[in-house]
Amino acid sequence: MPTAPSPKLSVPFEQGGPSTQILAAFEAAKGFMPVDEGLALYAAAVEAGRLGLPLLEVGTYCGRSTVLLAAAARAAGVTVLTVDHHRGSEEQQPGWEYHDPETVDPETGLMDTLPTFRRTLFRAGLEEHVVALVGRSPQIAAVWNSPLGFVFIDGGHTDAHATADYEGWAPHVAEGGLLVIHDVFPHPEDEFTGQAPYRVYLRALESGAFTEVSVTGSLRALRRTGTGI
Ligand SMILES: C[S@@+](CC[C@H](N)C(=O)[O-])C[C@H]1O[C@@H](n2cnc3c(N)ncnc32)[C@H](O)[C@@H]1O
């Protein structure tokens with residue numbers, strides 16, 4: 001069993017935050033990310049954007065985090081790719097704690113967060129900076145073959161999903177690029193959706209390919225400093 005790395009203070013990247021308009025759009029969007037983690041995500045994306053490569057997110061949901069990534073991409077002159085089948089994760093289905101009945105399509109009876117995501121981006125004025133990839137993350141990763149400056153993993157929280165996201169997307173993080181993982185909870189009692197993101201985070205550190213650069217709440221930013229995953 002791997003040992004947990006020692007706790008660190010948050011080490012924010014050095015640059016200004018998003019505009020008040022972008023922050024308001026983030027806060028108005030449906031989603032689960034608190035403001036402090038959003039600011040850290042934005043800062044990491046701005047920094048990674050300097051590589052001039054696309055930024056990629058797994059787990060669009062209704063676009064809350066995408067707003068910040070799109071604003072960072074706009075500043076850097078790059079594009080955000082955001083991957084989601086828009087049918088929701090396990091814990092977002094009817095009867096589960098994170099279910100929002102407004103996300104259900106009355107015609108199909110299934111969750112469909114794509115229309116809300118599109119409205120979020122439209123309202124934020126950021127549509128042109130984002131390409132939405134609608135489908136299953138491993139299926140899209142299987143046909144992906146170019147380097148990325150930034151990969152943000154915030155998709156399914158089972159071990160199968162989190163591992164597939166790591167194995168599918170982390171190989172594409174360019175040297176010096178960032179791998180950011182959400183919902184990393186070292187203590188099992190802190191999160192009922194489980195510790196799969198934490199196990200993926202430990203795996204990334206133990207691979208020797210990634211070095212931790214920032215810790216904010218449950219958000220971890222790792223820089224590629226070696227090869228492999
Ligand atoms: C926690 S939510 C993302 C939250 C979003 N990043 C935010 O800040 O509001 C997780 C999303 O991952 C999507 N998802 C889960 N497993 C997936 C998979 N295998 N492929 C594509 N999307 C997936 C779900 O549909 C859900 O919208």
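Does N145 count as buried or exposed? N145 counts as exposed because it has 7 C-beta neighbours inside 10 Å; the cut-offs are 20 or more other C-beta atoms within 10 Å for buried, 12 or fewer for exposed and partly exposed in between, with C-beta atoms placed from the backbone. Before we go further, note that this is a predicted model: local features need pLDDT of at least 70, side-chain atom pairs count only at pLDDT 80 or more, and totals for chains, interfaces and linings use all residues. Residue numbers start from 1 along each chain as its sequence is written.

You will find N145 in the loop between α5 (137-141) and β4 (148-153); helices (H or I, at least four residues) and strands (E, at least two) are DSSP runs, numbered from the N terminus. Its C-alpha atom is separated by 9.8 Å from that of W169, 24 residues apart along the chain.

Now to the sheet. It is open, with seven strands in the order β3-β2-β1-β4-β5-β7-β6 and mixed pairing, where two strands pair if DSSP finds at least two bridges between them. β3 (130-134) and β6 (210-216) stand at the edges with a single partner strand each, so one side of each has no neighbour in the sheet.

Finally, look at the ligand. Of the 21 residues around it, G31, G59, R64, S65 and G156 come nearest; near here means a C-beta atom, placed from the backbone, within 6 Å. α3 (64-76) and β2 (80-84) each supply at least two residues of this shell.
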